Amino acid sequence: MKTITWKLYLKSNPKAVFDLISTAEGRKKFWAEKATEVNGIIQFTFPNGQEYKGQILKTIPNRKFYLDYFNSLVKFNLEPSENDGTDLILINENVDESEFSEVNAGWISVLMNLKAVADFNCDLRNHDPKRTWNQDYAEN
């Protein structure tokens, strides 16, 4: 098993970034077509029809959001940064070695769209079920 770590600077403050990560409406803006939460379980629905139920494992408002995501541990750690911005550190633990390259690339896609939404109110995804990650499109 391997670990992925990415750092991202956002101009948006930690509360705004946390709201995107920790709410159904926020996750829908940058991550999944739908990501509703019931009793600490997020039901993710992606453009290609894939679904996953991930359990929220830890939440500290505006600082930490941890969840089970495709049988791995994902940690979003937020730190206040200069100019009321946010340094986000994403850590994805227990990634199967055979899936490492794809998962690593997938996080870049998710994080760049998070930055676009948080800092520029712009969703970079195509939302087209015929043009998904499965067909080698990066923008979904």
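In the predicted model, Thr45 has a relative accessible area of 18% and is therefore buried. Thr45 belongs to strand 3. Leaving aside residues up to four places away in sequence, Thr45 touches Ala32, Glu33, Lys34, Gln50 and Glu51.

The sheet is open and consists of seven strands in the order 1-7-6-5-4-3-2, with antiparallel pairing. Its edges are formed by strand 1 (2-10) and strand 2 (34-38), each of which pairs on one side only. From one strand to the next, the twist averages 20°. Strand 1 and strand 7 (residues 85-95) run antiparallel and are joined by eight bridges. Within this pairing, Trp6 has Leu90 of strand 7 as its bridge partner.

Two helices are described relative to the sheet. Helix 3 (residues 100-120) packs on the sheet and touches strand 1, strand 5, strand 6 and strand 7. The direction of helix 3 makes about 15° with that of strand 1. Helix 1 (residues 14-22) lies across strand 1, strand 2, strand 4 (51-60), strand 5 (64-69), strand 6 (72-81) and strand 7.

Aromatic pairs number 14 in the structure. One of them is formed by Trp31 and Phe44, with 5.0 Å centre to centre and 50° between the planes, a tilted arrangement. Trp31 is in the loop between helix 2 (24-30) and strand 2, whereas Phe44 is in strand 3 (residues 41-45), so the pair ties together parts that are 13 residues apart in sequence. Both Trp31 and Phe44 are buried. The pair of Phe46 and Phe70 is also described as tilted, because the ring centres are 6.1 Å apart and the planes are at 40°. This pair links distant parts of the chain, 24 residues apart: Phe46 lies in the loop between strand 3 and strand 4, and Phe70 in the loop between strand 5 and strand 6. Phe46 is buried at a relative accessible area of 12%, while Phe70, at 32%, is partly exposed.

The structure holds six salt bridges. Among them is that of Lys15 with Asp19, in which the closest N and O atoms are 2.8 Å apart. Both residues lie in helix 1, four residues apart, or about one turn of the helix. Lys15 is partly exposed at 46% relative accessibility, and Asp19 is partly exposed at 30%.

Arg63 and Glu79 form another salt bridge through their side chains, with an N to O distance of 3.4 Å. Since Arg63 lies in the loop between strand 4 and strand 5 and Glu79 in strand 6, the pair ties together parts that are 16 residues apart in sequence. Arg63 counts as partly exposed at 34% relative accessibility, as does Glu79 at 35%.

A salt bridge also joins the side chains of Lys75 and Glu93, at 3.1 Å from N to O. Lys75 in strand 6 and Glu93 in strand 7 are 18 residues apart, and the pair links distant parts of the chain. Lys75 counts as buried at 18% relative accessibility, whereas Glu93 counts as partly exposed at 23%.

Note on methods:
Residues are numbered from 1 along each chain as its sequence is written. This is a predicted model: local features need pLDDT of at least 70, side-chain atom pairs count only at pLDDT 80 or more; totals for chains, interfaces and linings use all residues. Side-chain values use heavy atoms; hydrogens and water are left out. Two strands pair if DSSP finds at least two bridges between them. Axes are lines fitted to C-alpha atoms, for helices over the stretch in contact, and angles run from 0 to 180 degrees between N-to-C directions. Contact means heavy atoms within 4.5 Å. Rings of Phe, Tyr and Trp (its six-membered ring) pair if their centres lie within 6.5 Å; planes under 30 degrees apart count as stacked, over 60 as edge-to-face and the rest as tilted. Buried means under 20% relative accessible area, exposed over 50%, partly exposed in between (1.4 Å probe, protein chains only). A salt bridge is a side-chain nitrogen of Lys or Arg within 4 Å of a carboxyl oxygen of Asp or Glu.
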